[in-house]
Amino acid sequence: MGNSFIRDFDGQPEDNVLRQGRDGSIPTRPPEERAILVGVDTPTSPWKVEDSLDELEQLAMTANVRTLGRLTQRLDSPHPATYLGKGKLQELADLRVSTGASVVIFDDELSPSQERNLEEKLGVMVVDRTALILDIFARRARTHEGRLQVELAQLEYRLPRLTRMWTHLSRQGVGGVGLRGPGETQLEVDRRQARGRITHIKDEIEQVRRQRRTSRERRREEGFPVVALVGYTNAGKSTLLNKLAGASVLAENKLFATLDPTTRQVQLPGGTISLWTDTVGFIQKLPTGLVAAFRATLEEIAEADVLVHVVDITHTNAEEQAATVAETLESLEAADKPTVVALNKVDQLVTGADSPPADLEAQTPEGYVLVSAERGWGLDKLLECVQDLLEGELREVRVLLPYAQSSLVDLFHQRGQVLEEEYCEDGTRIRGLVPQRFYPLIQKYADRGTTV
Ligand SMILES: Nc1nc2c(ncn2[C@@H]2O[C@H](COP(=O)(O)OP(=O)(O)OP(=O)(O)O)[C@@H](O)[C@H]2O)c(=O)[nH]1
Ligand SMILES: [Mg+2]
């Protein structure tokens, strides 16, 4: 397994802690589940199957599931009916019996029929990567928005899998892995009800999106540049924000510690106040339904002025992780944003030093900064890079600003640059540079047919 931080996992479901005291009773922790992990090694997969299973094991631990064994098979693609080939499936069934595992977790999303066939053959609960991620998200969601988004993703995942029994709607928190979260009661409901609920949640999420958009516009008008922290889960985004802003975002050695976005002020070296948003981390094979459900949250990224992509360079799969982040940004149409890459956790690469190693520093290309979020290394440099990118976004405009809009004239002087200025009868005529983000504010005063 070779990954030391896995040992730090405590495996405690925090939901129990939260539930304690709410009804006065002492919580009974559901028995820990024990799993076999299964993956296929396909020629097209960018990850080595063992690395992907390492990650699946961490996901399982985060969901309080202990791994008892693993099984992999080399295939061109997963078998359409049973994921594994016939012989391998028998091997899995035998391994399941000999280990006494209570659940089998598959490293790819299973089709509803694969899931049914596998459950029949194995005689225990079958969970796929998507359900496991949804389970963790369900435990993490704290805000109304986060819960809505998770519930939507869960409903859409479960809808095609509905058979006899359907558990949903209120947060009961019991049930096995993959069955937890905002989404459960004893009620048995049919597909029609689930669809109705989906429509309802989508409406609510649309409201959230509108509110988010309004507050983004307000921030924009107030002139605060927005920086979004993006990166693979567990890369150190929250630790970085905590260090930079003295914030107290939960940062821990668990996958998907952060689900709901948090925004904090960070002062840049030139004195400008910028707003930094920390949000949900990415992961390979992130279900597209989940990305779609989290659109309201992820729009924060799409609308940021600059991205800081945090990479854990000590991770064996740092490159693959960075590629996954790039792909996810692509799907969010945020891949072209000005980006600084923060190569994090450099403190783990040196012993006894209190700054990044000079030889590494010398090799670091432009646009990359070596940092240690935990130790506070490289943060000044990171902020400088962000500032440079923000300033690099200055855009030349010609405007005629009415005298009543003197604050917009100030904007040029304070945040941009005045190249030519002329006082006329109808206002101040300016040719100048303004940061791109202010453009919407002054667009309507664009000066056509001018002398300046
Ligand atoms: N050694 C070392 N550990 C770090 C550093 N930055 C973060 N960590 C550790 O990495 C783990 C993950 O950090 P988080 O800040 O929670 O990571 P994140 O990117 O917010 O993760 P998610 O919210 O799960 O997406 C924690 O255990 C941190 O203490 C660092 O610079 N050096
Ligand atoms: Mg986090």
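**View 1. Residues around ligand 1.** K237, T239, A257, T258 and D347 come nearest among the 23 residues around ligand 1 (near: a heavy atom within 4 Å). This is a predicted model, in which local features need pLDDT of at least 70 and side-chain atom pairs count only at pLDDT 80 or more, while totals for chains, interfaces and linings use all residues. Residues are numbered from 1 along each chain as its sequence is written, chains are lettered from A and ligands numbered from 1 in the order written, and side-chain values use heavy atoms, without hydrogens and water. By class, the shell holds 6 nonpolar, 11 polar and 6 charged residues (charged: Asp, Glu, Lys and Arg; Gly counts as polar).

**View 2. Polar contacts of ligand 1** (N or O pairs within 3.5 Å). Oxygen atoms of ligand 1 lie 3.1 Å from a polar side-chain atom of N344, 3.2 Å from a side-chain N or O atom of S372 and 2.9 Å from a backbone N or O atom of A373. The protein buries 92% of the 650 Å² that ligand 1 exposes alone (Shrake-Rupley, 1.4 Å probe).

View 3. Six strands form an open sheet of mixed pairing, in the order β6-β7-β5-β8-β9-β10 (strands: DSSP E runs of at least two residues; helices: H or I, at least four; pairing: at least two bridges). Its edge strands are β6 (262-267) and β10 (368-370). Antiparallel β6 and β7 (273-278) share 6 bridges; Q267 is partnered with I273. Helix α8 (237-245), which gives the most residues to the ligand shell, 3, lies across β5, β6, β7 and β8 (contact: heavy atoms within 4.5 Å).

Methods. Polar contact = N/O pair within 3.5 Å; in protein donor to acceptor, adjacent residues only side chain to side chain. Axes fitted to C-alpha atoms, helices over the stretch in contact; angles between N-to-C directions.
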